[in-house]
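This report goes through the packing, charges and rings of one protein model. Look at the sequence and the structure first, then read the sections in order.

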Amino acid sequence: MATMKFLCDTKRCIECNGCVTACKNENDSALEWGIQRRRVVTINDGEKGEASISVACMHCSDAPCMAVCPANCFYKTEDGIVLHDKDTCIGCGYCLYACPFGAPQFPKQGAFGARGVMDKCTFCAGGPEENFSDAERQKYGANRIAEGKLPMCAELCATKSLLAGDAEVVSAIFRERVAYRGSNKNVWG
């Protein structure tokens, strides 16, 4: 089975936020107010060396969110996608502090940010509910993986800077791009 991963090519990302909009539109039924599963971060904005990167859950091989969750609401699919069960989540926030990417988020319903149930990027793979059921769509959003499609954020990236899919294929595409740019010394074997 393939291991699914995201990779953002900072040399191609133009900070258009198309990936953010695509994610929001595709998963809108599951997103509560204040949740953004994907965001674009820019470093050195307006200066020499400016770079933008699209960030969401990276579906880590050794996910820190899974390691710290006392409710064991996180699980990994055969494809290596890290998902969570909203019915099991107790809203403790440990995952939020453990994740280096800031992927787990809590809805901002009240004035003081009462937590509730955590939400995060699902790689458009739905959740533990039955595939294509109303419950899955309402709780987790789209299940494009079960349809044989890639996440909507990567599908609609205008510059193809956001790559998603089989880690081996994504790595091969990125290595080819780096070599094409003339940085053969930076290509890993």
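## Helix 1 and its surroundings

The buried residues of helix 1 pack against strand 2 (39-43), strand 3 (51-55), helix 4, helix 5 (152-155) and strand 6 (162-166). The model is a predicted one. The residues of helix 1 that are buried are Cys19, Val20, Ala22, Cys23 and Glu26. Viewed along the helix axis, these buried residues fall within an arc of 165°, so they line one face of helix 1.

Cys23, a residue of helix 1, is buried because its relative accessible area is 10%, and the cut-off for buried is under 20%. Apart from its neighbours within four places in sequence, Cys23 is in contact with Arg37 and Arg38. Cys23 and Lys86 are 63 residues apart in sequence, and their C-alpha atoms are 19 Å apart in space.

Glu26 belongs to helix 1, which covers residues 18-26.

Leaving out neighbours within four places in sequence, Glu26 is in contact with Cys124, Arg137, Ala142, Arg144 and Met152.

## Salt bridges

How many salt bridges are there in the whole structure? A search finds 9. One of them joins Asp119 and Lys86, with an N to O distance of 2.6 Å. Asp119 lies in the loop between helix 3 and helix 4, while Lys86 lies in the loop between strand 5 (82-84) and helix 3, so this pair ties together parts that are 33 residues apart in sequence. Asp119 is buried, with a relative accessible area of 3%. Lys86 also counts as buried, at 14% relative accessibility.

Lys139 and Glu129 form another salt bridge, at 2.8 Å from N to O. Lys139 is in helix 4 and Glu129 is in the loop between helix 3 and helix 4, so the pair ties together parts that are 10 residues apart in sequence. Lys139 is partly exposed, with a relative accessible area of 24%, and Glu129 counts as partly exposed at 22% relative accessibility.

Lys24 forms a salt bridge with Asp28, and their closest N and O atoms are 3.6 Å apart. Is Lys24 buried or partly exposed? Lys24 counts as partly exposed because its relative accessibility is 31%. Asp28 is partly exposed too, with a relative accessible area of 43%. Elsewhere, Asp9, Arg177 and Arg181 are linked in a network of salt bridges.

## Aromatic rings and charges over them

A search of the whole structure finds 1 aromatic pair. The ring centres of Phe6 and Phe123 are 4.5 Å apart and the ring planes are at 45°, so the pair is tilted. The pair links distant parts of the chain, 117 residues apart: Phe6 is in strand 1 (residues 4-8), and Phe123 is in the loop between helix 3 (94-98) and helix 4 (134-140). Both Phe6 and Phe123 are buried.

Charged side chains also sit over rings. The charged end of Arg38 is over the ring of Phe6, 4.4 Å from the ring centre. Lys86, the salt-bridge partner of Asp119, lies over the face of Tyr140, at 5.6 Å from the ring centre.

## Positive phi angles

Most residues other than glycine have a negative phi. Asn17 has a positive phi, near 65°. Asn17 is in the loop between strand 1 and helix 1 and is partly exposed, with a relative accessible area of 30%.

Cys124 has a positive phi as well, near 55°. Cys124 lies in the loop between helix 3 and helix 4. Is Cys124 buried or exposed? Cys124 counts as buried, at 7% relative accessibility. Cys124 is also one of the residues in contact with Glu26.

Technical notes
Residues are numbered from 1 along each chain as its sequence is written. This is a predicted model: local features need pLDDT of at least 70, side-chain atom pairs count only at pLDDT 80 or more; totals for chains, interfaces and linings use all residues. Side-chain values use heavy atoms; hydrogens and water are left out. Helices (H or I, at least four residues) and strands (E, at least two) are DSSP runs, numbered from the N terminus. Contact means heavy atoms within 4.5 Å. Rings of Phe, Tyr and Trp (its six-membered ring) pair if their centres lie within 6.5 Å; planes under 30 degrees apart count as stacked, over 60 as edge-to-face and the rest as tilted. Buried means under 20% relative accessible area, exposed over 50%, partly exposed in between (1.4 Å probe, protein chains only). A charge sits over a ring if NZ of Lys or CZ of Arg is within 6 Å of the ring centre and within 35 degrees of the ring normal. A salt bridge is a side-chain nitrogen of Lys or Arg within 4 Å of a carboxyl oxygen of Asp or Glu. The arc is that of the directions from the helix axis to the C-beta atoms.
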